[in-house]
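Subject: Structure handover

Hello,

Please find the structure below, together with its sequence. My notes come after it.

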Amino acid sequence: MKKNIVKDKSVLFALNEEKCHELKVSPTSDEYLKVWIREPTWLEVEQAMTSLMNIDSKKQTFDIDLNKMYRYLVDKFVVRTEPTLSTLELIRLNPYIGSQLKEILPNPMDALGENEEKNEE
């Protein structure tokens, strides 16, 4: 069976435009925080994974640092916010807003799941 080769190579690349999301400030509020997120490249997903894992080759152990990964994701993929917030301010958001932000950030763990599915085929 012959496979089709991509004709429009622009479909191969991460999108340059960012996507706007509105995060509700609290369950009872009618105010929102606007956050623009950009799509990662495959290499940025790999870098996020690297920031997640601390490997000690001498002890042959590794641990996972989610805080470091989320800081990387916020720093690299949050393009802007309204009102304007710094990376440090975004990291200090309350849990209600932070959980919404976590949902819209790129998830490098998705790449792990995709790789496992490909290995099973």
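Predicted model: local features only at pLDDT ≥ 70, side-chain atom pairs only at ≥ 80, totals over all residues.

Residues are numbered from 1 along each chain as its sequence is written, and side-chain values use heavy atoms, with hydrogens and water left out.

Core

A nonpolar core here is a set of buried Ala, Val, Leu, Ile, Met, Phe, Trp, Tyr and Cys residues joined through side-chain atoms within 4.5 Å. Buried means under 20% relative accessible area, exposed means over 50%, and partly exposed is in between (1.4 Å probe, protein chains only). The largest such core has 18 residues, and those with the most contacts inside it are Leu 23, Val 35, Ile 37, Leu 73, Val 78, Leu 101 and Leu 105. Two or more residues each come from β2 (32-37), α1 (42-52), α2 (66-77) and α4 (95-104). Of these elements, α2 gives the largest share, five residues. Helices (H or I, at least four residues) and strands (E, at least two) are DSSP runs, numbered from the N terminus.

Setting aside neighbours within four places in sequence, Leu 73 is in contact with Ala 48, Val 78, Leu 105, Pro 106 and Pro 108. With the neighbours within four places again left aside, Leu 105 is in contact with Ile 37, Tyr 70, Leu 73, Val 74 and Val 78. Leu 105 lies in the loop between α4 and α5 (108-120), and counts as buried because its relative accessibility is 7%. Between Leu 105 and Val 11 there are 21 Å, C-alpha to C-alpha, and the two are 94 residues apart in sequence.

Helix α2

The helix α2 has twelve residues and reaches 16 Å from its first C-alpha to its last, close to the expected 16 Å at 1.5 Å a residue; the expected span is 1.5 Å times one less than the number of residues. Its buried residues include Met 69, Tyr 72, Leu 73, Val 74 and Phe 77. At the start of α2, a side-chain oxygen of Asp 65 comes to within 3.3 Å of the backbone nitrogen of Asn 67.

Pocket

The second largest pocket has a volume of about 260 Å³. A pocket is an open set of points on a 1 Å grid over the protein atoms alone, where a 1.4 Å probe fits, with protein on both sides within 12 Å along at least five of seven lines; lining residues have an atom within 4 Å of a point. Grid points are joined across faces, edges and corners, and the volume is the space filled by probe spheres set on the points. This pocket is lined by 13 residues, and the closest to its centre are Tyr 70, Val 74, Leu 90, Ile 91 and Gly 98. Two or more lining residues each come from α2, α3 and α4.

Single residues

His 21 is in strand β1 (residues 19-24) and is buried, because its relative accessible area is 18%. Outside four places in sequence, His 21 is in contact with Leu 33, Lys 34, Val 35, Ile 37 and Ile 104.

Asn 54, in strand β3, counts as partly exposed because its relative accessibility is 26%. Not counting residues up to four places away, Asn 54 touches Thr 61, Phe 62, Asp 63, Asp 65 and Lys 68.

Most residues other than glycine have a negative phi, and most peptide bonds are trans. Gln 60 has a positive phi of about 55° although it is not a glycine. Gln 60 lies in the loop between β3 (53-56) and β4 (61-64), and counts as exposed at 74% relative accessibility. A cis peptide bond, with omega about 5°, joins Glu 82 and Pro 83. Pro 83 is in the loop between β5 (78-82) and α3 (87-91).

Regards

Notes
Contact = heavy atoms within 4.5 Å. Polar contact = N/O pair within 3.5 Å; in protein donor to acceptor, adjacent residues only side chain to side chain.
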